[in-house]
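Subject: Structure for you to look at

Hello,

Here is the structure I said I would pass on. Please open it alongside this message; my notes follow below.

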Amino acid sequence: MLDHPTLNRLRELKLDGMAEAFAELQRNDDAAALSHAEWLGLLIDREATHRSTKRYQSRMRAAKLRHVGATIEDVNYRAPRQLDRDLFRQLAQGDWIEKRQNLILTGPCGVGKTWLACALGQKACRDGKTVLYHRLPRLFADLELAQGDGSFPRMFRQLVRTDLLILDDWGPDRLTAMQRRHLMEIVEDRYQTASIAITSQLPVEAWHEVIGEPTFADAILDRIVHNAHRLTLDGP
């Protein structure tokens, strides 16, 4: 008699994990042998798992990863791109994000830089970190529009507060004055407080020329490069 009202009550309280577990236990004849404490423990465990899954799904939606299905477990280390297996597995543990360090991933087009960055982003979401992915050319355009419609402060807060910011496709076009200022503001506010992962077809040695203005270039690169791990890929 109490089954239906109990389920409704759990759902009214937004205890959906408990409600699912309660319904399953009611259908399981073996559950009758469980004590009240065991029932309660199973319900609590299911609710905790349900909430953890919902938080992960929310972080993944907010991350807007280009390759949503990319995972570190699916990395192909046999692909001919000279991926440093030991370094990548170390990065997958996430300590560099905890330490507010950066990652620079360079190599020619088609070797999987973006996919690998998204796999690390997905793992960070699983580890409870907030992640945000942007293609750098599109980000600059969006920031310029945001200045015109008044949404710049909100957008900028997102960029500087997330635990891991993935900036994809750096270069090869030289930055404009406004783009330099925007990039400087982002790396300055994130310096030693949160991590940035950058992918680029250009070697780091060419970035100074892409930024353009020497004073800005020195300041930006100092905040990105000096505490960054580097993954350099090569291959067809």
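Helices here are DSSP runs of H or I of at least four residues, numbered from the N terminus. By that count, Glu24 sits in helix 2, which covers residues 16-27. Please keep in mind that this is a predicted model.

Glu24 has a relative accessible area of 37%, so it is classed as partly exposed.

Domains

Where the two domains meet, 5 residues of domain 1 contact 11 residues of domain 2. About 620 Å² is buried between domain 1 and domain 2, and carbon and sulfur atoms give 58% of that area. On the side of domain 1 that touches domain 2, there are 3 nonpolar residues, 2 charged residues and no polar ones. What links the domains in terms of salt bridges and polar contacts? There are 0 salt bridges between domain 1 and domain 2, but 5 residue pairs are in polar contact there, counting pairs with both residues at pLDDT 80 or more.

Salt bridges

The structure as a whole holds 10 salt bridges. As background, side chains of opposite charge can pair when their charged atoms come close. Three of the pairs are described here.

Arg9 and Glu12 form a salt bridge, with 3.4 Å between the closest N and O atoms. Both belong to helix 1 (residues 3-12), and because they are 3 residues apart there, about one helical turn separates them. Arg9 and Glu12 are both exposed.

Arg126 pairs with Glu73, and the closest N and O atoms of this salt bridge are 2.7 Å apart. Arg126 is in helix 6 (residues 113-126), while Glu73 is in the loop between helix 3 and helix 4, so the pair ties together parts that are 53 residues apart in sequence. Arg126 is partly exposed, at a relative accessible area of 35%. Glu73 has a relative accessible area of 51%, and it counts as exposed because the cut-off for that class is over 50%.

Glu98 and Lys129 also meet through their side chains in a salt bridge, at 2.7 Å from N to O. Glu98 lies in helix 5 (residues 95-98) and Lys129 in the loop between helix 6 and strand 2 (131-135), so this pair joins parts that are 31 residues apart in sequence.

Thr71

Thr71 is in the loop between helix 3 (36-63) and helix 4 (85-92). Its relative accessibility is 15%, and because buried means under 20%, Thr71 counts as buried. The Thr71 side chain makes a polar contact of 3.0 Å with the side chain of Asp74. Beyond its neighbours within four places in sequence, Thr71 is in contact with Trp115, Ala119, Gln122 and Arg126. Arg126 is also the residue that forms the salt bridge with Glu73.

Regards

Conventions
Residues numbered from 1 in each chain as written. Predicted model: local features only at pLDDT ≥ 70, side-chain atom pairs only at ≥ 80, totals over all residues. Heavy atoms only, no water. Helix = DSSP H or I, 4+ residues; strand = E, 2+ residues; numbered from the N terminus. Buried < 20%, exposed > 50% of the residue type's maximum accessible area, 1.4 Å probe, protein only. Polar contact = N/O pair within 3.5 Å; in protein donor to acceptor, adjacent residues only side chain to side chain. Contact = heavy atoms within 4.5 Å. Buried area = accessible area lost by both parts, 1.4 Å probe. Salt bridge = Lys/Arg side-chain N within 4 Å of Asp/Glu carboxyl O. Nonpolar A, V, L, I, M, F, W, Y, C, P; charged D, E, K, R; others polar.
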